[in-house]
Amino acid sequence: MIAVFVAVTLLGCTQTDSRAAVDRMTLVPGPGTFGYQFSDDGRLAFAKFVAGKSAIYVANGDGTGARRVSFGIWDVAPLWSPDRKWIALTRDAGGHPDAVIVPTDSGPERVVGGSSADEVSNAWLPDGSGLLFTRGTAQGNETWVYKVADGSSAKLFEVDGSTNSFPSPDRKSIAYTLTKDGKSTVWLWDVEKRTHRQLTIEGFESVSFGTFSPDGRSILYESRRTGRSDLWRLDVATGDRHQLTYDVAGDLAGRWSPDGTRIVFTSNRGGQPDIWVLTTGEADVQRVTDDAVSESLPNWTPDGRGVVATVALGHSHLYALPVAGGAPVQLTSGDWGISDADVSRDGSRIAYVGTKNGDADIWTAPVGGGESILVSSAPGPDDEPSWSPDGKQIAFASRRAGNSDVWIAPAGGGTATRLTDWPTGESAPRWSPDGKAIAFLSNRESAGEDIWTIPVAGGAATRLTRLGLVGDGFRWSPDSRTIVLPAQVETSGGLAVFAVPASGGTPKLVAPATSFAPEWSPDAREVKVNKCTAGYCVTDIWSASGKHLRTLSAQPNVYEFDASWSANGAQLLIGWQDLVGDGGNRVDIRSATDGAARLLAGPPGYSMLLVGFGDGDKAAITFGAPNGNALQRIEVPAPVKSP
């Protein structure tokens, strides 16, 4: 959901450092920017947090003269139409995204999708006649086109699988990522002949916005065939492919320069996320930024002399907030960041994803503070840690072998064991409370993702759901008999919460659309969910049989997105976004019966995301960073070699 994404992105990754050597100019200051794009005449559209909402603005190229053009709750990711009369955006429509276009001058906005499905704006057709957008279904993502002239929408083409599509500059073809049976490949659709042509075969490739070179002759794509992300260039006419980056670190988010001779991208090969450029002829790589500031989503300025990037304002690190009150305790520190975490069942240690060594690795740290232990260190990103009930092992997802699989490693460090070895994508492992099985998501037999389980001791995996669009926020019941999960099915009207027996069976509706983030009470009688309406989300308690029991929200117009029950079930930690303040994330402790709440203090000016209870329910474990990010223009040096 859009607002959950926005809430997370308000956490920065690094802090400003005096080592920055390149010229910078801030175009849009914090506390939050959520996407931007330049028009071909040099104007800037950007999404910014303001007055409890995210709104789209248009401005001069240097950020001056900004004027608001959208008025939803959460509007992000603006896209100029070629004639500069419209801006497409993606809007939170009450728990699910909608594609919307708004006029840049005056007039009514138009809802492009408007269904209960997830609909996201992708790219305008080059002649401005329509907008490509993605519609999520239980069978996967579909490519649709909206026609500006008559306001109609239609599916662009029929394929067996899930697609993400982008047009060529001459509109004669559409490049798209096709995800099927766990493999993602790049294809080309000929608009006039209405034929499909496969361009890659390995199964680890994907395209994104701006994939075509300005002259339409080449396609830039990412490949994860080695376990890391590398950039490749493909000749559209011949199909010839050329690898552009080879580093053991991840290289991603590549964008063509306006003249098509250079590519800007992000890489952590220097130890933290930085901006790099290469020329398309020789792949000679130059570093643009070399500092402790995390830059992401770079793209070229219209004159090709610089790039614009989203720049985070601080590192994300682990903190313990005393439940009884008092100052927060910082558990990790340094010029690197935290991206995911899980508290051990006894509340004594935290497993987390950290980039201390320049790569996403699994670490553990004591809840009371102390030295961290490295659990996984193989090249390629490791993430989504999950503790075994006895605290001796950690399950996690890793791309070290090319595709994402589930691995298990000793919590004290040592050799990791591969639990799944499929050519598909497996992720989000969750250990059953009895320690006998691990549930995970896989697209092995569906365009989307379903829940599978596999015995920890080894053996055949079992497909538990056949919904095709399951979210990663699923949870085992305390007795290991049932799993609650968020999923979208054709009859649910959006993302809803279901329960399915761990032994198999038909999923049963627990909470209606639009609901997500289920959490079992310790006695397995109740399920907490977040229920969304018109861009705001509250905390609801439902019975396991699907009866609404009570609402725990303490204030109006908030976005609540996470929760963790205390061991006795009397209280919950609630994560929410302060929409009427600075947009930062907060954590409070709340009565499970009447919702009476008390805010837990974090560092001033910091945004906090909830991990869970720790230290015998005496502390709320969170990770947080100085609140927000900014949009900056960064000058790019001349190439070492002529393009």
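This is a predicted model: local features need pLDDT of at least 70, side-chain atom pairs count only at pLDDT 80 or more; totals for chains, interfaces and linings use all residues.
**Exercise 1.** Where does Ser257 lie, and is Ser257 buried or exposed?

*Solution.* 
- Step 1: Find the loop. Ser257 sits between β22 (251-256) and β23 (262-267).
- Step 2: Check the area. The relative accessible area of Ser257 is 3%. Buried means under 20%, so Ser257 is buried.
- Step 3: List contacts beyond four places in sequence. Ser257 touches Pro214, Arg262 and Trp300.

**Exercise 2.** Which backbone nitrogen lies 2.8 Å from a polar atom of the side chain of Ser607?

*Solution.* 
- Step 1: Locate Ser607. Strand β54 (residues 606-614) holds Ser607.
- Step 2: Check burial. Ser607 has a relative accessible area of 0%, so Ser607 is buried.
- Step 3: Name the partner. The nitrogen belongs to Asn585.

**Exercise 3.** How are the rings of Phe46 and Tyr57 arranged: stacked or edge-to-face?

*Solution.* 
- Step 1: Count the aromatic pairs. There are 12.
- Step 2: Take the geometry of Phe46 and Tyr57. Their ring centres are 5.6 Å apart and their planes meet at 10°. Planes under 30 degrees apart count as stacked, so this pair is stacked.
- Step 3: Phe46 is in strand β3 (residues 44-50) and Tyr57 in strand β4 (residues 53-59), so the pair ties together parts 11 residues apart in sequence.
- Step 4: Check burial. Phe46 is buried at 3% relative accessible area, and Tyr57 is buried at 14%.

Terms used: Residues are numbered from 1 along each chain as its sequence is written. Side-chain values use heavy atoms; hydrogens and water are left out. Helices (H or I, at least four residues) and strands (E, at least two) are DSSP runs, numbered from the N terminus. Buried means under 20% relative accessible area, exposed over 50%, partly exposed in between (1.4 Å probe, protein chains only). Contact means heavy atoms within 4.5 Å. A polar contact is a pair of N or O atoms within 3.5 Å; within protein, one must be able to donate a hydrogen and the other to accept it, and residues adjacent in sequence count only if both atoms are side-chain atoms. Rings of Phe, Tyr and Trp (its six-membered ring) pair if their centres lie within 6.5 Å; planes under 30 degrees apart count as stacked, over 60 as edge-to-face and the rest as tilted.
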